[in-house]
Amino acid sequence: TLRVAKLVKIGQKTKFILILLDNYSLQMYRFRPAWSKFILPTVWILLFAVCITAPSYPNLIGKYYSQGLFKYWTIGLRSLFGAIPFALGELIYIIVIILLIFNIIKYTNSLKKFNQICQKVGFLVFKLAWLGIRLFVVFQFVWGFNYMQPDPTNAFNITVQPPTNVQIAQIEIDQLTNELIQELNETRIELSNIKVAPPNFDQTVAKVQQAYGRISKVRPALHLQNQSVKKALFPTLGDYIGFLAFYQPITAEAIVRSDLPMMTQPYTIAHEMAHQLGYASETEANFIAYVVAIEADDPMLKYSMLLQMFTYAQDAQLLLLAGTKGFDAWKKQIAKNKALLSPDVLKDRAIIRAFFVARAGKQIQASNQLYDQFLKWNQQSAGLDSYADVLKWVRAYRIKTDSSTSYSR
């Protein structure tokens, strides 16, 4: 190597250095310790095999991961990062994305000739596949296994019975929608009678945390230690990526847009806190947030939940009508629901709708499609529609408790 290097012209000094470095790396690889050459890859492959077989053992996942490793691991993460006054997890995501883009551009520029690309195709495929395996394993152990645990229907002792035909489904969803309308009107009157200033974001977070503390006395599984809910540092990014809030598994933070309409914030926060407990499925997180809200003595949290549940219920109601009775029935149902809702509820819904209309068209369509596919990959076959799947659990829970009010009341 030294003889070849000496023959290199001085004007090619950079090439000379690269030749030495390439040779040095090759020589060093030959003398790498066994753990890095054989043992470590074997461990990654074994962990990958565990991840592949894990969906067949939901009870073990629930017991040893969701209520074991994940629970205590995230308590530590929230203790470590919770005291930081800003959303560190959001910064981590942004930094990772910037570094990823930078490295892709850098590597692409280094492959100037087509034959260089062709020569490295096999190597690149192998490297990407190996990187994908390791990222998959890390994701599953940090968060993904939670999608595989049993749903909370057994823990809440409820039985979900899908309707046997379309007619029964329409009757059930009409009944649920009407009940939610009545409760919305009653809770809105209760809010109007409370002569206090609307809460700010921090006060809203504190009230939702209190609600979790209250229900945890009856249901210890909902006890959340070292709670960590943060404002999004760059909420307008949500207009383009399509998020209102998200759970950050690296820091265990629940990160929420503080620019959301006030009436939507409490339920959104309750939903993200459910994720912190390990309820990964959007249906499960929605259901936990529903139960926490219905058990709480905070009318704002209950009203926020009812607004969301009514939106899901009305969408399901209209979808059934459009498929069975046509557009005229669809329009009549909207008019009927509006006539039943109080003017104050309609005003609040108009504020919420205006928030989303003002941002319509900004969202990158690929982000929606990617997240929909992500949910489907993680045991949620309905994709984005899984958010509304909570209705069947809500109905079962209401039947069990025989009313919209809680058994603990």
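A cavity is a set of points on a 1 Å grid over the protein atoms alone where a 1.4 Å probe fits but cannot get out, and its lining residues have an atom within 4 Å of a point. A volume is the space filled by probe spheres set on the points, with grid points joined across faces, edges and corners.

**View A. The protein chain as a whole.** This is a predicted model, in which local features need pLDDT of at least 70 and side-chain atom pairs count only at pLDDT 80 or more, while totals for chains, interfaces and linings use all residues. Residues are numbered from 1 along each chain as its sequence is written, and side-chain values use heavy atoms, with hydrogens and water left out. The chain has 409 residues, and 39% of them count as buried (buried is under 20% relative accessible area, exposed over 50% and partly exposed in between, with a 1.4 Å probe and protein chains only). Its accessible surface is about 23,700 Å², and carbon and sulfur atoms account for 64% of this (Shrake-Rupley method, 1.4 Å probe; for residues, only the protein chains shown count as cover). When contacts between residues at least 6 apart in sequence are taken, 78% join residues at least 24 apart (a contact is heavy atoms within 4.5 Å).

**View B. The largest cavity and its lining.** One cavity of 30 Å³ or more is counted in the model. The largest cavity has a volume of about 130 Å³. Its lining is made of 14 residues, and those nearest its centre are K71, A221, H223, L224 and L277. Helix α4 (residues 58–81) gives seven residues, the largest share of this lining.

**View C. A nonpolar patch on the surface.** The patch is formed by F86, L233, F234, L237, Y240 and I241, which together have about 490 Å² of accessible area. Patches are made of residues with over 30% relative accessible area and no salt bridge, with nonpolar side chains (Val, Leu, Ile, Met, Phe, Trp, Tyr) joined within 5 Å and like charges within 9 Å. One member, L237, belongs to helix α9 (residues 237–241). L237 counts as partly exposed because its relative accessibility is 33%.

**View D. Two residues with positive phi.** Most residues other than glycine have a negative phi. N157 is not a glycine, yet its phi is positive, at about 55°. N157 sits in the loop between α6 (114–142) and α7 (166–193), and its relative accessible area of 60% makes it exposed. A252, also not a glycine, has a positive phi of about 65°. The loop that holds A252 runs between β2 (245–248) and β3 (253–256). Is A252 buried or exposed? With 0% relative accessibility, A252 is buried.

**View E. The salt bridge between R188 and D348.** Nine salt bridges are counted in the model (a side-chain nitrogen of Lys or Arg within 4 Å of a carboxyl oxygen of Asp or Glu). In the pair R188 and D348, the closest N and O atoms are 2.6 Å apart. For D348 the relative accessible area is 5%, and its helix α14 spans residues 343–357. Leaving out residues up to four places away in sequence, D348 touches R188, M263 and Y303.

**View F. The salt bridge between K230 and E253.** The closest N and O atoms of K230 and E253 are 2.6 Å apart. This pair links distant parts of the chain, with K230 in strand β1 (residues 229–231) and E253 in strand β3, 23 residues apart. K230 is buried because its relative accessible area is 6%, and E253 is buried at 0%.

View G. R359 and D239 form a salt bridge in which the closest N and O atoms are 3.2 Å apart. R359 lies in the loop between α14 and α15 (365–377) and D239 in helix α9, so the pair ties together parts 120 residues apart in sequence. R359 is partly exposed, with a relative accessible area of 23%, whereas D239 counts as buried at 8%. Through salt bridges that share partners, D239, R257, D259 and R359 are joined into one network.

Methods:
Helix = DSSP H or I, 4+ residues; strand = E, 2+ residues; numbered from the N terminus. 1 Å grid on protein atoms, 1.4 Å probe; cavity = no way out; pocket = protein on both sides within 12 Å on 5 of 7 lines; lining within 4 Å.
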